Amino acid sequence: MDFFTSLTERFIKVCDGLKGKSFPYNESLAWNDLGYNQVLLQRYTKYELDGVGFNLVTTSPLTDETVVFGDDLGDIKSNRKFARVTLIQVDDIAETQDTYDLLKKLDFIKYHISPEGYMMRSTSKTHKEAVRVSKEALKNGMSFEKIGDLFIKKYKENPTVKAVRVIFITDPKTDFSELEAIAVKNHEITEALNQVMNNVMFDCDNCNLKAICDEVEGLKELHFKSAKENNSL
Ligand code: SF4
């Protein structure tokens with residue numbers, strides 16, 4: 001079941017009209033992963049990217065690739081607003097607690113990616129993501145394609161992941177506030193999935209999850225189906 005279809009559609013609308021470049025996945029180009037959290041000092045930093053970074057999980061077919069809307073890392077000269085959105089195709093999102101667990105697992109992967117000279121700081125709740133970009137790494141040819149290849153490689157280590165499209169956006173024409181709104185809603189739906197599965201209330205009119213259940217197709221069915229399976233109804 002695709003709980004995030006409407007968010008994916010909103011995201012596609014944000015990208016409409018932006019000029020993008022696509023790079024098919026090439027594992028051999030994946031940027032070096034340090035394997036630990038690096039600290040990049042200001043004096044070694046060329047600029048900072050500031051925005052949101054989040055996943056949208058889908059069962060619709062995707063191709064492994066990196067897409068860049070706007071300037072690439074080597075073309076940016078000073079601090080810039082940006083977004084990273086990772087579309088992840090999984091086999092199927094089962095109607096069980098496994099769904100929530102899988103989404104959380106996929107979300108945590110980003111905390112285990114440490115591209116050399118690309119220091120990421122992110123928060124899980126708001127999906128804010130800030131990146132410090134090193135002067136040295138830029139000299140050594142770091143690009144979004146190579147960072148994207150590293151992300152794809154890491155996500156594909158999870159056997160449920162079938163394909164990954166990593167999208168970097170730096171075009172100043174982008175509606176970044178809409179991307180922030182999508183990131184927040186994405187988090188709310190993910191948390192609602194967890195709460196719905198554990199909710200012992202079955203009176204929709206008096207339930208605090210009513211608003212999100214009305215909005216996201218499939219949530220209501222999920223709650224009542226799981227309750228029946230667990231004999232709570
Ligand atoms: S279906 Fe949604 S709104 Fe209705 S009781 Fe369950 S969680 Fe609450």
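Student: How many bridges join strand 5 to strand 6, and do these strands run parallel or antiparallel?
Tutor: Strands of a sheet pair through backbone hydrogen bonds, either parallel or antiparallel. By definition, two strands pair if DSSP finds at least two bridges between them. In this predicted model, strand 5 and strand 6 (residues 128-134) are antiparallel and joined by 5 bridges. Helices (H or I, at least four residues) and strands (E, at least two) are DSSP runs, numbered from the N terminus.

Student: Which residue of strand 6 is the bridge partner of Met-119?
Tutor: Look for Arg-132. A word on reading the model: residues are numbered from 1 along each chain as its sequence is written, and side-chain values use heavy atoms, leaving out hydrogens and water. As the model is predicted, local features need pLDDT of at least 70 and side-chain atom pairs count only at pLDDT 80 or more, while totals for chains, interfaces and linings use all residues.

Student: What is the order of the strands in the open sheet?
Tutor: The 7 strands follow the order 1-3-7-4-2-6-5, with mixed pairing. Strand 1 (20-24) and strand 5 (118-122) are the edge strands, each pairing on one side only. On average, neighbouring strands are turned by 20 degrees against each other, direction ignored.

Student: Which strands does helix 4 touch?
Tutor: Contact means heavy atoms within 4.5 Å. Helix 4 (residues 144-155) packs on the sheet and touches strands including strand 2 (45-58), strand 3 (65-69), strand 4 (80-90) and strand 7 (161-169). The direction of helix 4 makes about 150 degrees with that of strand 7.

Student: How many aromatic pairs does the structure hold?
Tutor: Rings of Phe, Tyr and Trp (its six-membered ring) pair if their centres lie within 6.5 Å; planes under 30 degrees apart count as stacked, over 60 as edge-to-face and the rest as tilted. The structure holds 5 such pairs. One of them is stacked: Phe-144 and Phe-168, at 4.3 Å centre to centre and 20 degrees between the planes. This pair links distant parts of the chain, with Phe-144 in helix 4 and Phe-168 in strand 7, 24 residues apart.

Student: At what angle do helix 5 and helix 7 pack?
Tutor: Axes are lines fitted to C-alpha atoms, for helices over the stretch in contact, and angles run from 0 to 180 degrees between N-to-C directions. Helix 5 and helix 7 (residues 219-229) pack at about 30 degrees, with axes 8 Å apart. Helix 5 is therefore roughly parallel to helix 7 (angles under 35 degrees count as roughly parallel, over 145 as roughly antiparallel, 65 to 115 as roughly perpendicular and the rest as oblique). Ala-192, Leu-193, Val-196 and Met-197 of helix 5 meet Leu-219, Leu-222, His-223 and Ser-226 of helix 7.
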